[in-house]
Amino acid sequence: MAVIKRTKSVGSQDMTLESGKLAMQAEGSVVVTYGETQILATTTTAAPREGIDFFPLTVDVEERMYAAGKIPGGFFRREGRPSETAILTARLIDRPLRPTFKGGYNDEVQVVVTVLSADLANPYDVPGINGASLSTMIAGLPFDGPVGAVRLGLIGGEWRINPTYQDLDMATFDVVVAGRRNESGGIDLLMIEGESPDNTWSLLAGGGAAVAPTEESVAEGLEAAKRAIGEMIDFQLDFLSEAKATPKPFEPKVLFSEETYQAVADFAESRIEAALVPEKRDRDEAIDQIKDELKAHLLARWGEEGFALQAAEISPAFKELQKRVMRRRILEDGVRLDGRKADEIRTLSSEVGLVPRAHGSSLFQRGETQVLNVTTLGMLRMTQMIDTLDPEESKRYIHHYNFPPFSTGEVGRIGSPRRREIGHGALAERALVPVVPPEEEFPYAIRLVSDVLSSNGSTSMASVCASTLSLMDAGVPIKAPVAGIAMGLIAEFDRFVTLTDILGAEDALGDMDFKVAGTKDWITAIQLDMKVTGLPAEALTQALKQAREARLFILDTMLRTISEPRSEVNAKAPRILTIQIPVDKIGEVIGPKGKRINEIIAVTGADIDIQDDGTVFIGSREGAGADQAAKMIDEIVNPRPLSVGERFTGKVVKTTTFGAFVNLVPGRDGLVHISKLGKGKRLSSVEEAVKEGDTLEVEIQEIDQMGKVSLKPVGEEWAIPEGMEVEEHPRRERRDGDSRGGRDRDRRPRDRERRDRPSH
């Protein structure tokens with residue numbers, strides 16, 4: 001294959017597509033360059049595994065640290081398991097690609113996106129989606145592409161195409177959108193992933209041209225995205241026209257025959273309709289019983305030999321029947337699986353303060369979905385360090401999400417988080433980021449953990465609600481409460497019904513999973529996955545409208561549990577003070593080899609972090625410890641004058657042959673001469689009287705011109721017995737002939753004589 005290269009201006013940068021040079025043994029490969037960010041996307045396939053009834057697509061993102069001129073951290077200095085950014089990007093690529101493959105295709109497909117260069121200005125996710133689409137098209141797979149993707153930033157009230165990381169510092173919304181062209185030539189959206197950045201609140205509060213990401217402005221952005229996606233699709237098609245990819249032969253795998261489906265429907269259709277009761281457990285048990293009865297019925301009807309021939313078709317045919325019954329019931333009767341109307345929310349409940357030792361905790365329940373969230377506050381040194389290709393090097397607000405198997409009444413693996421858990425945790429985290437107070441206002445590292453205790457639809461949005469409650473219970477002064485809701489869709493031909501607060505089954509059997517989180521005024525996070533094409537634009541508009549109504553209802557319920565953040569952080573959380581010291585005083589506070597700062601930590605029990613700009617964060621479990629540490633640091637930075645006659649109780653910090661040094665105030669020591677420690681007797685060593693670490697009450701006797709402080713011990717235990725003469729140890733005066741100088745003078749003539757003697 002000859003090298004093919006095409007370049008097109010996209011947003012403010014040029015995007016280049018190139019194929020035929022790298023990774024030539026892959027069935028499809030393409031290099032995408034945007035600015036100086038460059039990725040290699042490859043697609044390979046293998047024969048389908050025996051007995052699978054799903055499409056085994058795997059998407060991997062391989063970050064190479066050399067791409068940003070970095071050496072990996074850790075002991076091995078080698079890339080290890082994927083970073084959170086790589087996992088989230090792999091999910092971002094997978095979501096629009098998966099529904100674009102033709103139905104009935106079950107070959108193993110692996111898409112690998114390798115990041116070759118990262119310029120720390122242009123994210124690699126959008127090039128990755130476009131590259132994965134193009135490499136799959138070049139491979140000739142049964143793929144209804146191309147899929148085009150763009151990023152949009154709401155900057156200064158306008159939607160900008162593919163903004164840089166630096167541009168997004170001024171954005172109030174950041175969203176990645178992917179889609180494909182439908183049969184009528186329009187663009188169908190397949191995936192949306194958007195969020196309000198952490199500076200959104202300050203941008204909106206500062207006035208100017210910043211515009212809040214409301215439902216109306218986000219809808220406008222999605223329309224702008226469609227136009228840009230159309231250009232990306234045309235760009236890929238232009239490239240493919242020269243690549244001349246050869247489609248591979250494809251015969252869709254038929255999971256069941258029409259005869260099998262009809263036999264299943266004749267027996268089970270009415271029974272399934274009757275089994276659609278509101279309670280999930282009862283519904284699942286009834287469905288399982290119907291399936292067992294169906295197999296017994298078909299065994300009797302077909303005989304053992306006929307049943308064996310068609311046994312593999314029964315389960316997929318039964319699943320398809322369930323889907324059709326459920327969808328028909330919603331579209332025609334307006335009744336959902338649990339008996340609700342389309343826009344009705346399940347029963348809500350919430351409470352706070354459940355976990356005794358937690359800094360903040362909450363339980364949020366919506367129907368059978370139940371999430372426990374716990375907030376932990378820590379010193380800023382607990383901020384998470386990030387070793388990825390992103391410009392971001394640390395993260396102060398962290399959200400972790402756990403989905404144990406018991407939450408669905410099942411037995412399963414418990415271990416390291418899976419991609420789904422990382423993705424749901426990241427979505428919940430992004431929903432709260434814009435309302436978390438900045439470090440200057442609230443100098444804490446914040447970790448939230450959402451444990452899903454029961455799951456039946458939209459645990460990520462329940463995590464958002466539980467997070468808000470937990471943060472307020474911990475006393476975190478969030479800017480505004482945030483709630484989230486998951487929307488669904490059932491579409492048939494020209495009819496569609498938008499569902500509020502979808503169940504797990506409605507997600508699996510429906511056509512859309514649309515999650516929206518936000519405050520009462522604007523959207524903070526949005527996520528969409530579509531499974532159908534040709535959806536009219538008003539379907540998304542309707543979903544956004546219903547989502548806002550539901551969000552406001554949920555917020556009202558949450559605020560009845562706790563109306564605002566507690567006035568103070570939980571008493572079990574560390575108390576953190578912030579003080580500012582001059583930069584040139586940092587060394588004095590730290591002391592030689594950290595001795596002085598370690599002494600303060602040892603005395604007060606406080607944790608102390610000193611920043612390069614002179615900001616000092618002091619944390620302590622007990623408020624008194626933080627106050628004492630702040631006072632000690634202030635005394636070092638702003639030492640008060642000492643005066644003769646003042647008394648102090650200080651610690652002996654050093655002993656020498658001539659006396660003991662006693663600390664008076666932080667950064668200021670004085671000397672007690674050995675002659676004043678013997679109670680009138682002469683000591684052979686200072687240690688006979690005091691040792692390092694002892695506490696001694698002293699009085700200032702003298703402060704010389706150099707600022708050196710002479711002390712004497714005070715107290716009855718140091719009093720000299722009456723009648724005992726104080727033995728002083730004055731320096732011996734130098735006398736002629738006895739002093740070093742005199743002896744030197746006496747030696748000089750003899751030294752001259754030696755020098756005058758002739759040498760041999």
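Let's start inside helix α5, where Thr260 has its place; helices here are DSSP runs of H or I with at least four residues, strands are runs of E with at least two, and both are numbered from the N terminus. Welcome to a predicted model, in which local features need pLDDT of at least 70, side-chain atom pairs count only at pLDDT 80 or more, and totals for chains, interfaces and linings use all residues. Residues are numbered from 1 along each chain as its sequence is written, and side-chain values use heavy atoms, with hydrogens and water left out.

- Thr260 counts as buried because its relative accessibility is 0%; buried means under 20% relative accessible area, exposed over 50%, and partly exposed in between, using a 1.4 Å probe and protein chains only.
- Leaving aside neighbours within four places in sequence, Thr260 is in contact with Trp302, Gln310, Glu313, Ile314 and Ala317, where contact means heavy atoms within 4.5 Å.
- Thr260 and Arg381 are 121 residues apart in sequence, and their C-alpha atoms are 63 Å apart in space.
- Lys295 sits in helix α6 and is partly exposed, with a relative accessible area of 33%.
- With neighbours within four places in sequence left aside, Lys295 is in contact with Phe307 and Ile314.

**How α5 meets α6**

- The axes of α5 (residues 258–275) and α6 (residues 280–333) come within 9 Å and cross at roughly 45°; axes are lines fitted to C-alpha atoms, for helices over the stretch in contact, and angles run from 0 to 180 degrees between N-to-C directions.

**Nonpolar cores**

- The largest nonpolar core has 162 residues, of which Ile446 and Phe514 touch the most other members; such a core is a set of buried Ala, Val, Leu, Ile, Met, Phe, Trp, Tyr and Cys residues joined through side-chain atoms within 4.5 Å.
- Helix α6 gives the most to this core, with 14 residues.
- Another core, of 19 residues, lies apart from the largest one, and Phe648, Val662, Leu664 and Val698 are among its members.

**Strand β21 and its partners**

- Strand β21 (residues 523–530) has eight of its eight residues buried, so it is largely enclosed by the rest of the structure.
- Strand β10 (residues 187–195) pairs with β21 in the antiparallel sense over five bridges; two strands pair if DSSP finds at least two bridges between them.
- Within that pairing, Met191 stands opposite Asp529 in β21.
- Strand β20 (residues 512–518) also pairs with β21 in the antiparallel sense, over seven bridges, and a hairpin of four residues joins β20 to β21.
- Met512 has Met530 in β21 as its bridge partner.

**A three-stranded open sheet**

- This open sheet has the strand order β22-β24-β23, with antiparallel pairing.
- At its edges stand β22 (575–580) and β23 (607–610), each with a single partner strand, so one side of each is left without a neighbour in the sheet.
- Neighbouring strands of this sheet are turned by 15° against each other on average, direction ignored.
- Four bridges link β23 to the antiparallel strand β24 (residues 615–620), where Gly619 is the bridge partner of Asp607.
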